[in-house]
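I opened a new structure today and kept notes as I went. Here is what I looked up, entry by entry.

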Amino acid sequence: MKTQLPDAIAQLVEKIRSPQFVRAVLSGQRRNLQPKYLRIDIKPVMLKDGVKLQIISSDGKKDFTKNVAADFDFAQLLNSGYANLLVDTETESFQVKVSKKDEALLSVSKVKLSRELAHDRQKQRMLAEGNQVFKALDMADILGRIKPSKMDKYKQVDEFLRLIDQTLNTPLISGDEIKVVDLGCGHAYLTFALQEFLKDKYKKVSILGVDEREDSKQHNEKVAAKLKIEAKFLAAKIADTPDQKVDIAIALHACDTATDDAIYWAVKNDAKVIMAAPCCMHELQTQIKESPEPWGLLTKYGLVKERLVDLMTDSLRAQILKLLGFRVDIVEFIGGEHTARNILIRAVKTGAAPSDLDKQRFHQLINDWQIKPYLANLLADELKAATQISRS
């Protein structure tokens, strides 16, 4: 909506000084005005003497940083010649565009952001915001800063790389070459970020991204060409992915049984590490008509039943991998404020034999609930050999 520029600036200043303030960006050039800097970023930081507002001014070559109190004259700064003014709080995003006639066009949208006060936050990331891969993926602007709309995606990528890094110490993934297959890669945010992260750790990084959409394949090939890297992309269903050698198999947010197809493919191809973040899950939901007691106390509530069976599905996936000689854990790979699907199954091949107790628990669960997990059907032969109870 149109508004008076002084009124819009006053509203932005109020938001910057509020305890919910997350970040502000000043960019663009108003007609007949020449700002001193190409861009200015403002964010809250925690210093020894309390919370301050950090102003980072960039001329395109160098950044100039200063920390100020909340009573700083932000109105003068906002009115110093910039055409695009963006202020984000934890719940709202305010954007002002100044027209050639100095009219202010104000738009307000709902967002869900977190307020981070860590000083020099970027240095703690696995890949810096200014890394070339984020520019190629259109996640960062020309100055190498992650766009507000892409910040959740950036944090997911960062945390995933952190979890991957923890698995690279295994002797199973040693040597000069590493092969990664991303099953259900979509627009390959993780694929490209992982390739960038691994390139300094291995002499050769082989990447294959699989997604059944042809437009995803074409998009990803263009990004690979832009980055000048060798990465292959295949338009196919996960279940139809050709067999090949793989060290790390990843599958994030593959819908329903596509996650099981990915785990099955990874096991069949002797993957050393499997990282799977399931998405929607319906397969077991449709199988359960009655619940063994005393679980009826929970499953009589539809929402509770849905969440319980989702957790059961992932627990059974993890248990199947454990029975097949993997060390498995289930972790939250990103906070719930960034994505509704934030459970990650992480499995590292060790070859360790499962205990009889693990076998018994698996059999008892599927027998008590009268269910047949899709992954168990896919790996039926392997599980039959692995779950024989020893007799003394």
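**Entry 1: aspartate 88**

I began with aspartate 88, which sits in strand β6 (residues 84–89); strands here are DSSP runs of E of at least two residues, helices are runs of H or I of at least four, and both are numbered from the N terminus. I keep in mind that this is a predicted model, where local features need pLDDT of at least 70 and side-chain atom pairs count only at pLDDT 80 or more, while totals for chains, interfaces and linings use all residues. Residues are numbered from 1 along each chain as its sequence is written, and side-chain values use heavy atoms, with hydrogens and water left out.

Is aspartate 88 buried or exposed? Aspartate 88 is buried, at a relative accessible area of 2%; buried means under 20%, exposed over 50% and partly exposed in between, with a 1.4 Å probe and protein chains only. I listed what aspartate 88 contacts, leaving aside neighbours within four places in sequence: Phe21, Val22, Arg23, Ser93, Phe94, Leu113 and Pro148. Contact means heavy atoms within 4.5 Å.

**Entry 2: the whole protein**

I stepped back and found 13 helices and 15 strands. The C-alpha trace spans about 85 × 55 × 45 Å along its principal axes. Of the 392 residues, 49% are buried. Taking contacts between residues at least 6 apart in sequence, I see that 65% join residues at least 24 apart.

**Entry 3: the cores**

Next I looked for nonpolar cores, meaning sets of buried Ala, Val, Leu, Ile, Met, Phe, Trp, Tyr and Cys residues joined through side-chain atoms within 4.5 Å. The largest has 46 residues, and Phe134, Ile178, Phe192, Leu198 and Ile248 have the most contacts inside it. A second, separate core has 39 residues, including Val181, Val309, Phe362 and Trp369.

**Entry 4: helix α7**

Helix α7 (residues 258–268) is mostly covered, with eight of its 11 residues buried. Among them are Asp260, Asp261 and Trp265. What do the buried residues of α7 pack against? I found β9 (177–183), β12 (248–252), β13 (273–277), α10, β14 (326–332) and α12. Just after α7, aspartate 270 takes a positive phi of about 60°.

**Entry 5: the cavity**

How many cavities of 30 Å³ or more turn up in the whole structure? The search finds one. On a 1 Å grid over the protein atoms alone, a cavity is a set of points where a 1.4 Å probe fits but cannot get out, and lining residues have an atom within 4 Å of a point. The largest cavity has a volume of about 100 Å³, a volume being the space filled by probe spheres set on the points, which are joined across faces, edges and corners.

Its lining has 14 residues, with Asp260, Glu283, Leu284, Thr313 and Arg317 nearest the centre. Helix α10 gives the largest share of that lining, four residues. By class I get seven nonpolar, three polar and four charged residues; Ala, Val, Leu, Ile, Met, Phe, Trp, Tyr, Cys and Pro count as nonpolar, Asp, Glu, Lys and Arg as charged, and the others, Gly among them, as polar.

Last, I looked at threonine 313, which lies in helix α10. Threonine 313 is buried, with a relative accessible area of 9%, and touches Met281 and Leu284, not counting residues up to four places away in sequence.

How values were computed. 1 Å grid on protein atoms, 1.4 Å probe; cavity = no way out; pocket = protein on both sides within 12 Å on 5 of 7 lines; lining within 4 Å.
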